[in-house]
Every structure is written in C-alpha cells, then in structure tokens.
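I opened this model to look up a few helices, side-chain pairs and surface features. My notes follow in the order I checked them.

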Amino acid sequence: MATAQLIDGFVDLVLGSRCVGCDRPGRPCCPACRDLCRLRATQAVPHWPTPCPAGLVPTYAVGDYDGLLRDLVLAHKERRVLALARPLGDLLAGSVGAAAPPGPLVLVPVPSRATTVDRKSPRMNSSHRCISYAVFCLK
C-alpha cells in the first residue's frame with residue numbers, strides 16, 4: 001500500500017491530479033473508488049427508466065446515474081480523463097455480462113451532446129475506449 005501512496009503523491013505533485021470520485025490527491029480513480037467500481041461491476045441488475053417506453057428491451061446497470069458513477073462518466077466523456085476507461089470498462093463489462101443472452105451482442109456508444117461528437121469524430125472517442133476494455137474483460 002505504501003508504494004501506491006507514493007505513486008499517488010508523485011502523480012499529484014507532477015500532474016496535479018485528484019480522484020474524480022472522492023477528490024483524494026493522486027490518480028483519477030483512487031484505489032478505494034476503483035475497488036468500489038469492481039464491487040459494483042458484480043452487482044448489475046435490470047434497471048428501467050421512468051417513464052419506461054413501451055417495448056423497451058431489458059436494460060442493465062450497476063447503479064443509478066449519480067454519485068461516483070455519474071462523476072466517472074462525466075469526467076471521462078466531457079473532460080477526456082482517459083485513465084477512467086478501465087474502471088468504466090469494468091462496470092460496463094459487469095452490466096453486459098449480466099444482460100448478455102447467448103449469441104451476438106451489439107454495444108452502441110451514445111455521445112452526450114452533438115458538440116462532443118464533432119470534437120471527437122476524427123479519433124476513437126471515450127465511449128469506444130470503455131467498450132473496448134469491456135469486451136476484453138468479457139473474453
């Protein structure tokens with residue numbers, strides 16, 4: 001644990017980085033928040049929007065879109081904190097693993113707003129990074 005704390009201190013000193021979830025100096029996702037993500041990835045359950053559109057296929061989530069989950073997604077998609085692709089990929093893999101029926105599967109990244117798509121279109125966007133990691137986890 002001392003090595004992780006030294007690394008976090010160094011990262012904070014050199015880059016001024018802080019955990020997106022708890023604001024602890026160091027990595028964009030500290031070990032405690034990362035452990036919480038790993039735990040939540042095993043707890044994916046059906047999650048229905050309110051109001052629920054007729055004919056919606058079952059959707060799965062590892063939690064409500066608030067708190068740590070919301071902070072991670074927004075930092076990754078809006079502020080391009082690419083170091084969050086792995087923890088978000090873990091969460092996505094948990095949801096996909098809980099929902100995946102036998103056979104082919106399609107994951108569709110959804111951008112948060114049109115200006116973000118325009119800005120990212122020439123390169124692989126943050127949603128694709130999370131999906132790529134999730135697919136790796138599922139193999």
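**Entry 1: S95.** I looked up S95 and found it in helix α4, residues 85–99. Helices are DSSP runs of H or I of at least four residues, strands are runs of E of at least two, and both are numbered from the N terminus. The model is predicted: local features need pLDDT of at least 70, side-chain atom pairs count only at pLDDT 80 or more, and totals for chains, interfaces and linings use all residues. Residues are numbered from 1 along each chain as its sequence is written, and side-chain values use heavy atoms, without hydrogens and water.

S95 has a relative accessible area of 10%, so I noted it as buried. Buried means under 20%, exposed over 50%, and partly exposed in between, with a 1.4 Å probe and protein chains only. Leaving out residues up to four places away in sequence, S95 touches A44, Y60, A61 and V62. Contact here means heavy atoms within 4.5 Å.

**Entry 2: P87.** P87 is also a residue of helix α4. Its relative accessibility is 1%, so P87 counts as buried. Beyond its neighbours within four places in sequence, P87 contacts C29, R34 and C37. I also checked P87 against L72: they are 15 residues apart in sequence, and their C-alpha atoms are 8.6 Å apart.

**Entry 3: salt bridges.** How many salt bridges does a search of the whole structure find? I got three. The criterion is a side-chain nitrogen of Lys or Arg within 4 Å of a carboxyl oxygen of Asp or Glu.

- D90 pairs with R34, with the closest N and O atoms 3.0 Å apart. D90 is in helix α4 and R34 in helix α2, so the pair ties together parts 56 residues apart in sequence. D90 is buried at 13%, and R34 is buried at 15%.
- R18 pairs with D23 at 3.2 Å between the closest N and O atoms. R18 is partly exposed at 38%, and D23 is partly exposed at 45%.
- D35 pairs with R38 at 3.3 Å between the closest N and O atoms. Both lie in helix α2, three residues apart, about one turn of the helix.

**Entry 4: α2 against α3.** I took helix α2 (residues 31–41) and helix α3 (residues 67–78): their axes come within 11 Å and cross at roughly 105 degrees. Axes are lines fitted to C-alpha atoms, for helices over the stretch in contact, and angles run from 0 to 180 degrees between N-to-C directions. I therefore logged α2 as roughly perpendicular to α3, a label for angles of 65 to 115 degrees. C33, L36, C37 and R40 of α2 make the contact with L68, L69 and L72 of α3.

Definitions and conventions: Parallel < 35°, antiparallel > 145°, perpendicular 65-115°, else oblique.
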